[in-house]
Amino acid sequence: MQKDGQDALSPSVLLGYPESEEEQEERDRELQEVQRIWSSSVPLTDVTDEEALLIKTMFQISKISNATLKKFGVRIFKPTKSLVFPWFGGPDCSLKGVKLISAQIADNDKVSYNEATVPRISAYYNLFGLSLVGRMDTEVVLTGSELDTLAVSQATGLPCVSLPRGVSCLPPILLPYLEQFKKVTFWLGADIRSWESSKIFSRKLGLKRCSLVRPGEFRPCPVEALAEGKNLSRIINTSIPAAHKSIVSFKQLREDVYGELLNKEQVAGVKWTRFLELNRILKGHRKGELTVFTGPTGSGKTTFISELALDLCMQGVNTLWGSFEINNVRLAKIMLTQFAMQRLEDNLEQYDYWADKFEELALYFMTFHGQQNIKTVLDTMQHAVYLYDINHVIIDNLQFMMGQENLTVDKFAVQDHIIAAFRKFATNSSCHVTLIIHPRKEEDDRELQTASIFGSAKASQEADNVLILQEKKLVTCPGRRSLQVTKNRFDGDVGIFPLDFIKSSLTFTAPVKGKHKFKKPTKTESEDPPGPDAAAKKDEVKKEKVSKTTKTKAASASDTNQK
Ligand SMILES: Nc1ncnc2c1ncn2[C@@H]1O[C@H](COP(=O)(O)OP(=O)(O)OP(=O)(O)O)[C@@H](O)[C@H]1O
């Protein structure tokens, strides 16, 4: 597979670190699984023309030639009709992992892909196409999917590699592999998220050598561009430098403005799936914003924000928690309960099922507790953004982080300084920061207002969004809360909506009219009920498809430690 050989002193050697026995065993097991899948899959050239055509049509890659598929070593795993993309690595450039992609054509004729990887995606990173890159190559195109890499390589002949987790992260462990290139062109996809990710990733690689393909009508993702007969070399040649000038004219901004107008929904940010009313008011969760959240003591702020952040994290918003008040085990327990939507205490046999799924989320916790210096916290946040491509940081809560006892008469000034620092971080790192702040004492029956946020007016001035969890002590609905948005810099809409609390799952939901007890709708309601029974069923199907590597507790622990 290798073009002109790689040095024995490759990054895989440099980055190697001693593994524990359990880790080694887990790795060996996964490698065996990789080999098993690889040997039971066949090159596309070995299937009949009819079968090959069917597969290409299904994946909408009719324009990708057999020669390209062969060059990249793409195979077909017949039982699931999945394409198998190999990851080669190490000094001997041997097979280290595989990604299986299956395709489904939806009603609107759009194709959607399902991915599975061995080793599991959170534990292993590689770049598809790397083995074909020559030692002397100085230019590379970086894509967000394996199919895009095939398209770019075929159409342009340029060295091209794809990120293992698409646009969600560029793990630092991969950076040494990209060191040799003097020019890196990002062509991650055709939406705003890809565009934002390419800007963030290019900072990691050094802006000067990076250029970006801006998504747009004439620049879809590579595989679509190939299908539409576009000139991929020209698209790459007209990519724009990532390093931006200090002074620009409207000419340079023109396309950005147009892109924002054209993609109104994407610009509005990630939508919540559990809080539809919040979408109506805030329109979505956007990068680079500061949200200030307050509510009476013990009203459920942590519980609510935990669900709100989980919802986003489940949609690919990489999240970092700074829980200064409650410890991480308790917080993770709350989030896992909300994830599983049930009391796991009573269903311990389901623990591993939900924990396995939960572990796949890009969710990290700072290990601070109680008072902490702001500089240390910001350094940790910055590090996490670099390492894990964090998009959302939650600070729970500001008063605990500052430490109550050490506050002098200047406590407002200190708080203002900290809020300004978080604001700056959010903007500079394109990362959303949610800051939980205790309210000042109000009379019991009075509702909180923006001015009730503890401290000076700085918090509400700096914030893009101000959210208040209102606690109305209703005898009939003791757990009912209202979420009020009192500031929304994005489009100015403000409002309030009620939320009922379900104690068993620690989740909040919009109350339903009438006497019927609320039941939170789940995606799986119309399908099999979630849980180990369903899991067992799914697993059986999965086993037929690809028998996935068994996850040991040791591996989970090492993963958690790594996090
Ligand atoms: N709406 C609700 N109704 C009843 N109990 C709730 C509600 N929301 C949360 N709780 C419960 O109240 C307790 C406190 O919740 P939580 O820690 O989220 O509140 P908080 O506002 O963050 O507290 P603090 O002011 O101490 O930071 C938890 O046991 C939680 O399960």
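Five strands are arranged as an open sheet in the order 1-2-3-4-5, with antiparallel pairing; strands are DSSP runs of E with at least two residues, helices are runs of H or I with at least four residues, and both are numbered from the N terminus. Two strands count as paired if DSSP finds at least two bridges between them. The edges are strand 1 (42–43) and strand 5 (111–118), each of which pairs on one side only. Strand 4 (residues 94–105) and strand 5 run antiparallel and are joined by eight bridges; Ala 103 has Tyr 113 in strand 5 as its bridge partner. Helix 2 (residues 21–39) lies across strand 2 (75–77), strand 3 (82–89), strand 4 and strand 5, at about 55° to strand 4. Axes are lines fitted to C-alpha atoms, for helices over the stretch in contact, and angles run from 0 to 180 degrees between N-to-C directions.

The model is predicted: local features require pLDDT of at least 70 and side-chain atom pairs count only at pLDDT 80 or more, while totals for chains, interfaces and linings use all residues. Residues are numbered from 1 along each chain as its sequence is written.

The protein chain contains 20 helices and 19 strands. It is divided into domain 1 (11–243) and domain 2 (279–521), with bounds from an automatic or database domain assignment. The C-alpha centres of the two domains lie 36 Å apart. Eight residues of domain 1 are in contact with 11 residues of domain 2, a contact being two residues whose C-beta atoms, placed from the backbone, lie within 7 Å.

The ligand is surrounded by 14 residues, the closest being Gly 300, Lys 301, Thr 303, Gly 479 and Phe 501; a residue is near a molecule if its C-beta atom, placed from the backbone, lies within 6 Å of it. Helix 12 (residues 301–313) gives the most to this shell, with three residues. By class, the shell has two nonpolar, nine polar and three charged residues, where Ala, Val, Leu, Ile, Met, Phe, Trp, Tyr, Cys and Pro count as nonpolar, Asp, Glu, Lys and Arg as charged, and the others, Gly among them, as polar.

Strand 17 (residues 481–488) and strand 18 (residues 495–502) run antiparallel, joined by five bridges, and Val 485 stands opposite Gly 495. Their hairpin has six residues between the strands, and Gly 492 takes a positive phi near 85°. Strand 18 also pairs with strand 19 (residues 507–509) in the antiparallel sense, over three bridges. Four residues separate strand 18 and strand 19 in their hairpin, where Leu 506 in the turn has a positive phi of about 55°.
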